[in-house]
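Subject: Structure handover

Hello,

Here is the structure for you to look at. My notes on it follow below.

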Amino acid sequence: MISFNSNELSTKNQYKLMSGTLIPRPIAWVTSANEAGLINLAPFSFFSVVSDKLPLMSISINRRKDGVMKHTAANIVKTKQAVVQLPTRELMELVNQSAASFGSDESEVSELGLETVTSNLVSVPGIAGVKARFEVVLNQHVPIMDDGEIISDLFILEVVYFHIEDDILDQDKMYIDAKKLNPVARLAGPEYANIGEKYKLIRPK
């Protein structure tokens with residue numbers, strides 16, 4: 001086994017080791033809106049579940065190199081709401097395009113010609129054609145610091161409305177069919193994956 005002291009690694013190499021081993025990571029394809037109502041859309045893979053008592057999820061959004069918040073982060077801080085979509089393989093070209101650096105006066109949704117759907121409890125619309133989307137409100141915003149500088153914005157988001165395509169949900173048991181959902185996972189760099197082999201283990205009591 002090759003071992004490293006993190007203090008002796010560059011930031012880039014630390015990231016490579018973490019993003020290459022902490023896999024697979026689901027992708028949050030997030031719609032948000034600025035105070036003027038312009039809809040932003042961007043993908044993030046620092047994304048996970050937080051709690052089983054409250055329907056909470058986390059998304060971490062790195063700051064730009066100049067220390068400024070990315071549009072999604074700034075929008076969530078100001079409006080305290082968003083919609084999180086889980087993209088499938090069929091949408092990944094559009095997901096990838098939405099990761100480009102659009103201007104603050106440009107909407108990725110409009111530029112990419114995407115259709116939106118009205119949300120039930122938040123003012124931000126969702127993206128049509130996804131198999132699962134979540135209307136969320138801000139629970140907590142945690143600035144991540146490094147030597148007094150904010151390097152990332154961690155958001156704890158509470159799901160207030162679930163939208164699940166009926167063919168992936170067993171409504172009697174409330175189970176999601178992972179194969180039918182077939183979400184995309186981020187690996188390292190430009191590599192992605194879909195669900196392959198599945199197996200089951202019963203947790204001991």
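**Notes on the strands and one surface patch**

In the pairing of β1 with β13, Arg25 stands opposite Arg186, the latter in β13. Please keep in mind that this is a predicted model.

β1 and β13 (residues 185-186) are joined by two bridges and run antiparallel. They belong to an open sheet of three strands, ordered β1-β13-β14, with antiparallel pairing. Its edge strands are β1 (25-26) and β14 (192-193), each of which pairs on one side only.

Strand β10 (residues 149-164) takes part in two of the pairings I looked at. With β9 (residues 132-146) it forms 14 bridges, in the antiparallel sense. Within that pairing, Leu138 is opposite Leu157 of β10. The two strands make a hairpin with two residues between them, and Asp147 in the turn has a positive phi of about 55°.

β10 also pairs with β5 (residues 56-62), again antiparallel, through seven bridges. There, Asn62 has Ser152 in β10 as its bridge partner. As a general point, strands of a sheet pair through backbone hydrogen bonds, either parallel or antiparallel.

On the surface, a patch of positive charge is made up of Lys173, Lys179, Lys198 and Lys200. Lys173 sits in the loop that runs between β11 (169-170) and β12 (175-176). Its relative accessibility is 54%, and the cut-off for exposed is over 50%, so Lys173 counts as exposed.

Regards

How values were computed: Residues numbered from 1 in each chain as written. Predicted model: local features only at pLDDT ≥ 70, side-chain atom pairs only at ≥ 80, totals over all residues. Heavy atoms only, no water. Patch = residues over 30% accessible without salt bridge, like charges linked within 9 Å, V, L, I, M, F, W, Y side chains within 5 Å. Areas by Shrake-Rupley, 256 points an atom, 1.4 Å probe, with all protein chains shown as cover. Salt bridge = Lys/Arg side-chain N within 4 Å of Asp/Glu carboxyl O. Lys, Arg positive; Asp, Glu negative; His and termini not counted. Charge placed at Lys NZ, Arg CZ, Asp CG, Glu CD. Helix = DSSP H or I, 4+ residues; strand = E, 2+ residues; numbered from the N terminus. Buried < 20%, exposed > 50% of the residue type's maximum accessible area, 1.4 Å probe, protein only. Pairing = 2+ DSSP bridges.
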